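Trainee: Could you show me how to read the inside of a protein model, feature by feature?
Mentor: Gladly; let us look at it together.

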Amino acid sequence: MHVLGINAYHADGSAVLLRDGELIVAVEEERFRRIKHWAGFPTEAIRKCLEIGGITGADIDHVAISRDPKANLLRKAAFAVRNRMHISNIVNRTRNLAKVHDVSAPLADALMIPSGSLPKVHFVEHHPSHLASAFFVSPFDDASICAIDGFGDYLSTSMAIGQRNKLDVLARVSYPHSLGVFYTAVTQFLGFPNYGDEFKVMGLAPYGSPDHVAELRKLLSLKQGGMFELNRPFFRHWDEGVDMEWDGGSPTMGRLYTRELEQLLGPPRAKDEPLTPYHENLARSLQAVYEEAAFHVLNGLWERTHNPRLCMAGGCAMNSVANGKIRINTPFTDVYVQPAASDNGTALGAAFYVWNQTLGKSRGFVMEHGYWGTEYPEADVTEIVAQRDDPQWTYSVSHHPDEEALCKATAQLIADGNVVGWYQGRMEWGARALGNRSILADARRGDMRDIINLKIKFREKFRPFAPSILESAMDDFFVGAAPDPFMQQVYPVRPEKRLILPAITHTDGSGRLQTVNARTNPRYHRLISEFAALTGVPVVLNTSFNENEPIVDTPEQALDCFLRTRMDAIVVNNTVIQRHPR
Ligand SMILES: [Fe+2]
């Protein structure tokens, strides 16, 4: 039986395919449309699911869409009346709602079948989709589950308990209160207006001191049982509504904060203004107040479940700094956050919700790795390089059919200070590159961050780069870390190791590590092992294979990125291509 899960008309459009309860494919639309966080109907992702799954649209038995516009209608209506919501706001919402209902035409088109022959379509509410994405693919038979985000289907936070193939929602926080909105509002205030910029503010925070915690605490009130409320005067979405665009490309969101916030914090930073210590301190304070609130929610969940295993999802579950502190600040002992914890993952959750919860099938799948995307094993880009006539550079090509030789040669390139594109196997699911579409470099070099920024990334200097480390060496280099193949938790680098790993140690001594083992990515494990044999350090710097664009999908895109940047070498499958000055 095939279940297709989709996230449509929301940011990070995506599709996943289950066959008899096993995940077969999980892909994000942005990788094919080449627009970050692409929002709309994920036609290309659905087609990739069919192609990789080796089936046609007629083979799909159930479609699960991670949104239910009918959900919480009573709450919405009551809120609109209570708050005398502006009529245009209501009309906009109604239009969006109609679009979500009318998926039969784009769905039939994507599946390439007549709309009269569509399989059964299930609308799974946004938050249960998040909860299902966290729990049903986790290694736990039973667990506490938490979803925290901006909003979806009128909710921003939900707490649940999962037991085998069922989850029960225990508590929820609905519009207008939202920790995601809290974080995004201050992110906008700090001059970062784009969808997903919260990640930059999290990277900026360690440069500052939490000097403005008292002011930012005024933005929200923590209530009993892990509940919370935003304080109305500081937020626009209550009274004025906020423009959001969830269709046809890049998601956008209007300004969330009011003049009252400016009175509290001073003038907001414009996008291109320099960052000052004040902004760093505000970012640090935002992260601190967010963590207080998130741990308050999680402790409220613990009070309800007393189950020490935690599965998390929602955009706020991408806050890897907070995630790394959960086991210190709550009674939870095990934490699972699958790599697409944002809205991309709701496609996964909706599909498993239908399989486990709706159809009552037992569980039999655990997501142990993130490699669920496209693959081009036979691709050879040598020809493209051979035809290249570049005034500045020449290129040398070597083929290594033997994996050991390939990994030895690549490890040597990294140890010699080269920035190396590493393109292998199936594309990653979720925002992080996990060693199949990665740019790798020597984590021991203090100048490597600047070199990568100069040659390829051109991104903000304050943003850290992350390490991939052999799982077996994790405790030698990090304090109190847990294995995490998805790079979702930040931990302190051991003080005595910080000087050894300057390129991946953030200014506060932390690192967002990916642990790598031989079972789930044997080739990447071998590469890092070869690097360790050469250098004594089982760690490489790992950043996503892209340049201000979604992570590359095809070998041709990877090569194009290599050629238009100043990357030193690229490894595509078994072929190593090096750049040399003429
Ligand atoms: Fe969400």
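This is a predicted model: local features need pLDDT of at least 70, side-chain atom pairs count only at pLDDT 80 or more; totals for chains, interfaces and linings use all residues.

Trainee: How do I read a nonpolar core, and which residues touch the most other members of the largest one?
Mentor: In soluble globular proteins, nonpolar side chains tend to be buried together. A nonpolar core here is a set of buried Ala, Val, Leu, Ile, Met, Phe, Trp, Tyr and Cys residues joined through side-chain atoms within 4.5 Å. Buried means under 20% relative accessible area, exposed over 50%, and partly exposed in between, using a 1.4 Å probe and protein chains only. The largest nonpolar core has 63 residues, and Phe 182, Phe 235 and Met 312 touch the most other members. Helix H11 (residues 277-305) gives the largest share of this core, 13 residues. Helices (H or I, at least four residues) and strands (E, at least two) are DSSP runs, numbered from the N terminus. Apart from this core lies another, of 60 residues, including Val 381, Leu 501, Val 552 and Leu 559.

Trainee: Which residues does Phe 182 touch?
Mentor: Contact means heavy atoms within 4.5 Å. Leaving out residues up to four places away in sequence, Phe 182 touches Leu 216, Leu 219, Leu 220, Leu 230, Phe 235, Leu 286, Val 289 and Tyr 290.

Trainee: What is the volume of the largest cavity, and which residues line it?
Mentor: On a 1 Å grid over the protein atoms alone, a cavity is a set of points where a 1.4 Å probe fits but cannot get out; a pocket is an open set with protein on both sides within 12 Å along at least five of seven lines, and lining residues have an atom within 4 Å of a point. Grid points are joined across faces, edges and corners, and a volume is the space filled by probe spheres set on the points. The structure holds one cavity of 30 Å³ or more, and the largest cavity has a volume of about 40 Å³. Its lining consists of Tyr 290, Ala 294, Phe 295, Leu 298, Met 312, Cys 316, Asn 319, Ala 322, Asn 323 and Ile 326. Four of the lining residues come from H11, the largest share. For residue classes, Ala, Val, Leu, Ile, Met, Phe, Trp, Tyr, Cys and Pro count as nonpolar, Asp, Glu, Lys and Arg as charged, and the others, Gly among them, as polar. The cavity lining has eight nonpolar, two polar and no charged residues.

Trainee: And what lines the second largest pocket?
Mentor: That pocket holds about 430 Å³ of space. Its lining has 22 residues, with Pro 139, Val 335, Tyr 336, Pro 483 and Pro 485 nearest the centre. Strand E14 (residues 334-336) gives the largest share, three residues. By class, the pocket lining has eleven nonpolar, five polar and six charged residues.

Trainee: Is Ser 138 buried or exposed?
Mentor: Ser 138 counts as buried because its relative accessibility is 0%. Ser 138 sits in the loop between helix H6 (126-135) and strand E6 (142-152). Beyond four places in sequence, Ser 138 touches Cys 311, Tyr 336, Arg 363, Phe 365 and Val 366.

Trainee: Where is Arg 309?
Mentor: Arg 309 belongs to strand E13 (residues 309-313), and it is partly exposed because its relative accessible area is 25%. Arg 309 and Asp 141 are 168 residues apart in sequence, yet their C-alpha atoms are 9.6 Å apart.

Trainee: How many disulfides are there?
Mentor: A disulfide is a pair of cysteine sulfur atoms within 2.5 Å, and the structure holds zero. Cys 407 counts as buried, at 0% relative accessibility.

Trainee: What should I look for in the backbone?
Mentor: Look at omega and phi. The peptide bond from Tyr 175 to Pro 176 is cis, with omega near 10°. Asn 548 has a positive phi of about 50° although it is not a glycine, and Asn 548 counts as exposed because its relative accessibility is 60%.

Technical notes
Residues are numbered from 1 along each chain as its sequence is written. Side-chain values use heavy atoms; hydrogens and water are left out.
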